[in-house]
Amino acid sequence: ICNSCFRALHTIKGAAGFLGLEPVIEFAHAAEDALNRLRKGEVAVSAQVMDLLLQSADVVRHQIEQLAAGLAPDAADPNLIAALNAIGSESPEGTGTSVPVSDDDQTPGDATEDSGGKPLDLGPQKMDLIEFMVTDLQDYAGQLGETIEQLRNDATRAEAAEQLGEIADNLVKTADFFELDDLTAVCQLMLDVAPKLNDLGPDHLAEAVVRLRAAEWIVGQQAEGLAKSRVLSWPIATFVKRLSQAAEGADLSPDVTAKHGDDLDRLLQLDGILPPPEIEAPEADAPEEEPAEVAGKIEPAKPQPAAPKPDKETPAKAAAPSGGGGVEQTIRVEVGRLESLLNLVGQLVLNKNRVVALSRSVGEADIDHELNESFAEAAGDLDRLTSELQVGVMRTRMQPLAKLFDRYPRVIRDIARHTDKKINLEIVGKDTEVDKSVLELLADPLVHILRNSADHGIEPPEVRTESGKSEAGTITLTAEHQGSHVRVAIADDGKGLARSVIGGKAIEKGLVNQDTLDKMPDEEVFRFIFEAGFSTAAAVSDLSGRGVGMDVVRTNINKLNGQINIASAEGAGTTIEILIPLTVAIMPAMMVESDEDQYAIPLQSIVEIVRPEDTTISTIQGQRVVRLRDSVLPLIDLRDRLGQDERPPEGRFAVVVKVGGHQVGLMVDRLIGQQEIVIKPLDDDYTQGGPFSGATIREDGRVCLILDVNELVKAAGPAPCPQRTAA
């Protein structure tokens with residue numbers, strides 16, 4: 001991690017140097033020196049050091065935001081720079097901050113003015129920046145040496161390949177900026193090769209690694225040449241061809257493989273980068289392709305032998321098919337284009353529904369049997385292909401929850417420092433993917449829940465010790481797929497929720513009376529914490545106490561058509577579970593009818609559908625209820641809620657829906673069937689307070705309103721009697 005931070009900061013410093021951004025350069029240089037000592041293990045990572053590094057990250061982020069807004073970046077706090085300099089200036093050698101500029105394979109002076117090359121010819125602006133270019137190349141050469149050796153180890157290969165790609169990407173931009181064609185080609189080759197290294201067998205990997213060491217050598221030599229204002233070039237055609245073949249899993253000539261013996265000096269000669277020794281016959285080691293004339297002849301330092309291979313051989317993997325040069329495997333697409341594509345797929349889903357409905361109508365009509373079958377077959381194929389296209393487009397919008405979860409260690413650390421608590425945050429399942437729109441709406445709820453867990457849930461160290469717990473509390477953030485939903489849970493081992501305190505506050509605020517409170521299950525009592533302005537904190541602090549945060553949680557989760565469940569035990573901790581759909585743009589729904597109008601109910605909210613008998617329906621405290629097995633559920637008549645004419649319940653259906661731990665029966669006249677719906681938003685003033693959350697298009701092309709189950713259940717209020725009765 002420290003190496004990754006160092007490389008990122010080094011890249012920022014180099015880019016700032018190109019642009020002459022002195023405030024960024026000054027600060028990045030100080031932070032880079034401090035990180036350099038940390039990654040070498042010369043400075044221990046303490047809480048104070050981490051505070052400085054986190055402040056540094058904030059400074060860099062702020063400067064980048066200013067640049068993005070077209071503003072000149074502010075200078076960093078001089079006290080912060082001084083503190084970073086204090087860390088970075090106390091190296092054992094006394095000079096302390098620079099990264100090794102070259103690998104052992106290189107010795108200074110190889111690429112001098114006497115050894116060839118062309119004079120460096122750049123415009124005055126680029127010539128002013130050449131000093132930064134030399135430093136960057138030297139630093140990158142050192143990083144390449146460490147990274148390439150890690151490729152030999154099974155345990156570090158994947159991370160090393162990713163690091164190689166990052167380094168090569170930065171080198172390509174740098175070399176291209178300074179118009180160094182040969183260096184650009186070599187670095188682009190490393191960038192193309194990097195993602196393929198994980199799939200190579202041991203023999204092909206060995207051939208690729210030794211040639212990557214040759215690429216590292218070229219980077220270092222070019223840096224030495226530029227330091228003398230010389231541009232060096234080499235005949236690299238054979239080298240490029242052979243490295244590409246090795247990365248593609250294609251076998252090289254046995255003669256070539258045997259002769260270099262993993263010796264870098266010998267490989268440079270075999271691949272035509274350097275001429276063969278004069279004592280050998282010219283044709284003995286001639287490359288497959290005749291190299292072009294060397295523009296500047298360079299005699300390399302004698303490379304050191306390659307590092308020994310690990311004891312455990314790399315298991316053979318399926319080789320990539322042989323072919324030409326590397327092809328980029330990813331492409332960046334603007335979010336707006338994905339949004340447009342999703343809208344088009346939504347329209348296609350609506351038209352698919354209409355075609356399927358027409359197919360059913362044709363099947364019921366008195367027409368030719370063969371024509372009927374052909375129509376049904378075409379409609380079925382359209383249904384299948386549209387579903388596959390829908391899934392494919394949804395996947396392009398999927399993003400890992402790591403984009404959110406990786407922010408939270410900093411949040412918990414800041415709270416722990418602010419409250420003098422010891423808190424460990426454990427994250428499980430951050431690779432779980434959700435739709436981009438879900439990710440955006442989930443950000444604020446998770447922050448509020450985590451802050452509550454850290455501030456209200458986890459006790460101070462001395463309190464935990466007295467109760468027999470460890471000094472450090474633990475908050476566990478977990479994510480996993482459950483069918484078409486994602487489950488996110490935040491669990492802490494703190495003091496838990498106190499039913500008596502929450503219930504007392506609910507009575508004080510007029511949310512419930514004592515009789516009803518006594519009959520409510522624990523989870524329903526705990527759900528009062530989601531009410532606006534509800535807080536049990538004795539005093540308002542910077543972190544909590546205003547009763548706003550958990551209301552935001554409920555609002556955002558409702559927008560996602562999700563559910564929140566709470567489980568808690570005093571002294572043992574609290575778990576808050578959030579269930580959300582993978583996407584909120586297209587979802588399955590049950591189409592129902594009330595007074596000859598059709599409405600959609602999101603399928604994830606439905607528990608079951610029953611047709612209650614007259615004997616199971618009664619009224620308690622003015623609320624109509626239905627006895628369902630050993631439970632008593634409130635009934636909401638959709639006709640009454642929508643201001644339609646009343647109709648007795650006989651022959652009608654009760655759609656049992658659930659929000660959190662609360663279930664109600666929604667009385668409708670008729671069931672139409674299940675259908676994929678595309679959600680179209682309505683004006684906020686119209687949807688405020690329900691009963692609708694949006695609209696969709698029916699199979700016949702008419703508009704259909706989507707019922708807001710959360711608001712309907714909320715309007716029903718708590719059950720007028722216990723939900724469990726004697727059988």
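How many helices and strands does the secondary structure of the protein chain come to? The count is 25 helices and 20 strands, and the model you are looking at is a predicted one.

**The chain as a whole**
- The protein chain has 727 residues, and 47% of them are buried.
- Among contacts in the chain with a separation of 6 or more, 71% are made by residues 24 or more positions apart.
- The accessible surface is about 35,300 Å², and carbon and sulfur atoms account for 51% of that surface.

**Strand 9 and its partners**
- Strand 9 spans residues 573–581 and is mostly covered, with eight of its nine residues buried.
- Strand 7 (residues 485–492) pairs with strand 9 in the antiparallel sense over eight bridges; within this pairing, Val488 has Ile578 of strand 9 as its bridge partner.
- Strand 8 (residues 563–569) also pairs with strand 9 in the antiparallel sense, here over seven bridges, and Ala567 stands opposite Thr575 of strand 9.
- Strand 8 and strand 9 form a hairpin with three residues between the strands. In this hairpin, look for Gly571, which takes a positive phi near 85 degrees.

- As a reminder, strands of a sheet pair through backbone hydrogen bonds, either parallel or antiparallel.
- Six strands make up an open sheet in the order 12-16-17-15-14-13, with mixed pairing.
- Strand 12 (606–610) and strand 13 (617–620) each have a single partner strand and stand at the edges, so one side of each has no neighbour in the sheet.
- On average, neighbouring strands of this sheet are turned by 35 degrees against each other, direction ignored.
- Within the sheet, strand 16 (residues 653–659) and strand 17 (residues 662–668) run antiparallel and are joined by seven bridges; Val657 stands opposite Val664 in strand 17.

Methods:
Residues are numbered from 1 along each chain as its sequence is written. This is a predicted model: local features need pLDDT of at least 70, side-chain atom pairs count only at pLDDT 80 or more; totals for chains, interfaces and linings use all residues. Side-chain values use heavy atoms; hydrogens and water are left out. Helices (H or I, at least four residues) and strands (E, at least two) are DSSP runs, numbered from the N terminus. Buried means under 20% relative accessible area, exposed over 50%, partly exposed in between (1.4 Å probe, protein chains only). Contact means heavy atoms within 4.5 Å. Accessible areas come from the Shrake-Rupley method with a 1.4 Å probe; for residues, only the protein chains shown count as cover. Two strands pair if DSSP finds at least two bridges between them. Axes are lines fitted to C-alpha atoms, for helices over the stretch in contact, and angles run from 0 to 180 degrees between N-to-C directions.
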